[in-house]
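Please look at the sequence and the 3D structure before reading on.

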Amino acid sequence: VLKDDEKSRKILQRIVERDGSIVEFAVNGVEAVAKAMNTPYDVILMDCNLPLKDGWQATREIREWELAYGGHGGRGVPIIAV
């Protein structure tokens, strides 16, 4: 979950963990891109208005990395704007 607002992070965490999912957070777009490149997530919930690098740019960079290097196992991770 990529969200810079702590209150929103806690709400999203509760919702996602109800189904037994494990949640990791990034608080800015730079951290989001780095985590996406290093961890094979099932889905990314992306805030569009992140500091340092907005969610739109972070998503573009993740997609470019997936195309260039095949992502994790040749699949693109679903990225959902929140």
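The model is predicted: local features need pLDDT of at least 70, side-chain atom pairs count only at pLDDT 80 or more, and totals for chains, interfaces and linings use all residues. Residues are numbered from 1 along each chain as its sequence is written, and side-chain values use heavy atoms, with hydrogens and water left out.

A salt bridge here is a side-chain nitrogen of Lys or Arg within 4 Å of a carboxyl oxygen of Asp or Glu. Side chains of opposite charge can pair when their charged atoms come close.

In the salt bridge between Lys35 and Glu24, the closest N and O atoms are 3.8 Å apart. Lys35 lies in helix 2 (residues 29-38) and Glu24 in the loop between helix 1 and helix 2, so this pair ties together parts that are 11 residues apart in sequence. Helices (H or I, at least four residues) and strands (E, at least two) are DSSP runs, numbered from the N terminus. Glu24 is partly exposed, at 36% relative accessibility.

The salt bridge between Lys35 and Glu31 has its closest N and O atoms 4.0 Å apart. Lys35 and Glu31 are four residues apart in helix 2, which means that about one helical turn separates them. Glu31 is also partly exposed, with a relative accessible area of 27%.

Helix 1 holds another pair. Glu6 forms a salt bridge with Lys10, and their closest N and O atoms are 3.6 Å apart. These two residues are four positions apart in helix 1 (residues 6-17), so they too are separated by about one helical turn. Glu6 has a relative accessible area of 47% and is partly exposed, and Lys10 is partly exposed at 43%. How many salt bridges does a search of the whole structure find? The search finds five.

Next comes the chain as a whole. Three helices and two strands make up its secondary structure, and from the N terminus on the elements run α-α-β-α-β. The radius of gyration is 12 Å, close to the 12 Å that the globule rule gives for 82 residues, so the chain is as compact as a globular protein of that length. The radius is taken over C-alpha atoms, and the rule is 2.2 Å times the number of residues to the power 0.38. Along the principal axes, the C-alpha atoms fill a box of roughly 35 × 30 × 15 Å. Of the 82 residues, 37% count as buried.

Contact means heavy atoms within 4.5 Å. Among contacts with a separation of 6 or more, 54% come from residues 24 or more positions apart. Leaving out residues up to four places away in sequence, Ile79 touches Ile44, Met46, Thr59, Ile62 and Arg63. The C-alpha atoms of Ile79 and Gly55 are separated by 10.0 Å, and these residues are 24 apart along the chain.

Terms used:
Buried means under 20% relative accessible area, exposed over 50%, partly exposed in between (1.4 Å probe, protein chains only).
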